[in-house]
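Here are my notes on the model you sent over, point by point. Have the structure open while you read.

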Amino acid sequence: MGAEVPSGHPEATPPGVIHRAIAASAIGNATEWFDYGIYAYGVTYIAAALFPGAAGEATLFALATFAISFLVRPLGGLFWGPLGDRYGRKAVLGATIIMMAGATVGVGLLPSYATIGPWAPLLLIVLRMVQGFSTGGEYGGAAIFMAEYAPDRHRGFYGSFLEVGTLAGFSAGALLMLGFSLWLGDQAMQDWAWRLPFLLAGPLGLVGVYLRSRMAETPLFRELEEHHEQEASAPVEFRHLLTRYRRPLLAMSGLVIALNVVNYTLLSYMPTYLERRLHLSTDTALIVPIAGMLFMMVLLPFAGALSDRLGRKPLWRFSLIGLLIGAIPLYHVIGLGTVSAVIGFAVLGLFYVPQLATISATFPAFFPTPVRFAGFALAYNVSTSLFGGTAPAFNSWLISWTGDPLIPAYVMMAACLVGLVALSFTEESAGVPLGQVRALAS
């Protein structure tokens, strides 16, 4: 017989508690991506209501405002990360979901440009910055919360459900925009109905707060508290990160560049791309990625479980090489028509799923428990703010400048090359207990 698993260890956590931890983690991620979904898929309505100028110019301003929220994510990471390592994951996750949902509801309540003039886009920028600041702690905290609860042998499988929450939130936002558009018509959407999905973020956030308030702190953090191993202060923690963990910081940053350039190009920018560049109708431009995301959701748990058996690195390598080779031909397929667009998007999604499914299993294992939250927050948010959230506006600007509709494919390929380099400096973490990753990170 093997050694008995001590009480409080992740391997000894009852399945019911693990399932509640998954729900508590995923609901915050769903709330975050619900906002991204309604913003990305309602950007033409938001642009018309809150920005001046012609449709194309206003849409570009709205996409730039979407990107602005990502510029403050590193500040959020610098603020929330040390708090999560010193005072616990649970407290930070409770605060961030309240801020995130509240700011989303605020967007739905903003007066139009016709009513208050330049204050409309200015207030939108402020609310997007609040969202970015809160997300700087939300995403990494949710991934770590889930990873520290999951059994080591099944961390990939359980962690994949965080990204089921991602796509569920994003798809729900997109479906609401599409549903209201089909039900109420374009004129009502332009006038007032675009606001309704934003207001629904309030109840979603309250559900998340309730679920998280009922969870205990993660087993690994409780163990850390028992041994009094928390970092003494934020400056000390970041000094340790920059001096002792440069390699994992850089390696994870490279993987995040690949992950999120593909993510925001494929998910957030696709409706705008299909409508403005391929001249599909607004409703059709929403249907194509929604169908693809529902397909991806089904595959995520299978990819997560496969990573527990084969390892995280083989799945990442398959994903990066597949996207590198397939981006240009698949964007050609997308440009052939509606049915072809669904097929092309679905195949791109198939290649992307192995990355998406293994985030919660891969990234928390870059850092030991005392600096895990801050390390994750720093690497993830800096890379995301510089290369992820800016991808929709960058793609739109490059297409306008060059006239080449394949720009998103080229950008995606460049990001995948960065990811392949970073992957070569990444240690395999499948099956490695999170409590023993110090050797991997040093």
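**Notes on the model**

1. Pro-405 is partly exposed, as its relative accessible area is 36%. You'll find Pro-405 in the loop between helix H21 (391–402) and helix H22 (407–423). Once neighbours within four places in sequence are set aside, Pro-405 is in contact with Tyr-273 and Ile-399. Pro-271 is 134 residues away from Pro-405 in sequence, and the two are 14 Å apart in space, C-alpha to C-alpha.

2. Before going further, keep in mind that this is a predicted model. As for the fold, the protein has 23 helices and zero strands.

3. How does the radius of gyration compare with that of a compact globule? For 442 residues, such a globule would come out near 22 Å, and the protein has 21 Å, so the two agree. Along the principal axes, the C-alpha atoms fill a box of roughly 65 × 45 × 40 Å.

4. On burial and surface: 59% of the 442 residues count as buried. The accessible surface comes to about 16300 Å², and carbon and sulfur atoms make up 70% of that.

5. Two more whole-protein numbers. Among contacts with a separation of 6 or more, 85% are between residues 24 or more positions apart. On the charge side, there are 24 positive and 25 negative charges, and their mean positions are 4 Å apart.

6. Now the aromatics. A search of the whole structure turns up 22 aromatic pairs. One of them is Tyr-139 with Tyr-380, a stacked pair at 4.8 Å centre to centre with 25° between the planes. This pair links distant parts of the chain, with Tyr-139 in helix H7 (residues 119–149) and Tyr-380 in helix H20 (residues 372–388), 241 residues apart. Are these two tyrosines buried or exposed? Tyr-139 has a relative accessibility of 2%, so it counts as buried. Tyr-380 is buried too, with a relative accessible area of 4%.

7. The next pair has another geometry. Phe-363 and Phe-376 have ring centres 6.1 Å apart and planes at 75°, so this pair is edge-to-face. Phe-363 is in the loop between helix H19 (359–362) and H20, while Phe-376 is in helix H20, 13 residues apart. Phe-363 is buried, because its relative accessibility is 0%. Phe-376 also counts as buried, again at 0% relative accessibility.

8. Take the two pairs together and you get a wider picture. Ring pairs link Tyr-139, Tyr-245, Trp-316, Phe-363, Phe-366, Phe-367, Phe-376 and Tyr-380 into a cluster. I'd colour these residues as a group when you look at the model.

9. Which residues does Leu-255 touch? Not counting residues up to four places away in sequence, the list is Trp-316, Phe-363, Phe-366, Gly-419, Ala-422, Leu-423 and Thr-426. Trp-316, Phe-363 and Phe-366 are also members of the aromatic cluster. Leu-255 itself lies in helix H14 (residues 246–268), and its relative accessible area of 0% makes it buried.

10. Helix H2 (residues 43–50) deserves a look. Why call it largely enclosed by the rest of the structure? Because six of its eight residues are buried. They are Val-43, Tyr-45, Ile-46, Ala-47, Ala-49 and Leu-50.

11. Pro-121 ties in with that helix. Pro-121 sits in helix H7 and is buried, at a relative accessible area of 11%. Leaving out residues up to four places away in sequence, Pro-121 touches Leu-50, Phe-51 and Tyr-113, and Leu-50 is one of the buried residues of H2. Ala-47 is 74 residues from Pro-121 in sequence, with 9.2 Å between their C-alpha atoms.

12. Last, a residue from helix H1 (residues 15–41), namely Arg-20. Arg-20 is partly exposed, with a relative accessible area of 47%. Arg-20 and Phe-70 are 50 residues apart in sequence and 29 Å apart in space, C-alpha to C-alpha.

Technical notes: Residues are numbered from 1 along each chain as its sequence is written. This is a predicted model: local features need pLDDT of at least 70, side-chain atom pairs count only at pLDDT 80 or more; totals for chains, interfaces and linings use all residues. Side-chain values use heavy atoms; hydrogens and water are left out. Helices (H or I, at least four residues) and strands (E, at least two) are DSSP runs, numbered from the N terminus. The radius of gyration is taken over C-alpha atoms; the globule rule is 2.2 Å times the number of residues to the power 0.38. Buried means under 20% relative accessible area, exposed over 50%, partly exposed in between (1.4 Å probe, protein chains only). Contact means heavy atoms within 4.5 Å. Accessible areas come from the Shrake-Rupley method with a 1.4 Å probe; for residues, only the protein chains shown count as cover. Lys and Arg count as positive and Asp and Glu as negative; His and the chain ends are not counted. The place of a charge is taken as NZ of Lys, CZ of Arg, CG of Asp or CD of Glu. Rings of Phe, Tyr and Trp (its six-membered ring) pair if their centres lie within 6.5 Å; planes under 30 degrees apart count as stacked, over 60 as edge-to-face and the rest as tilted.
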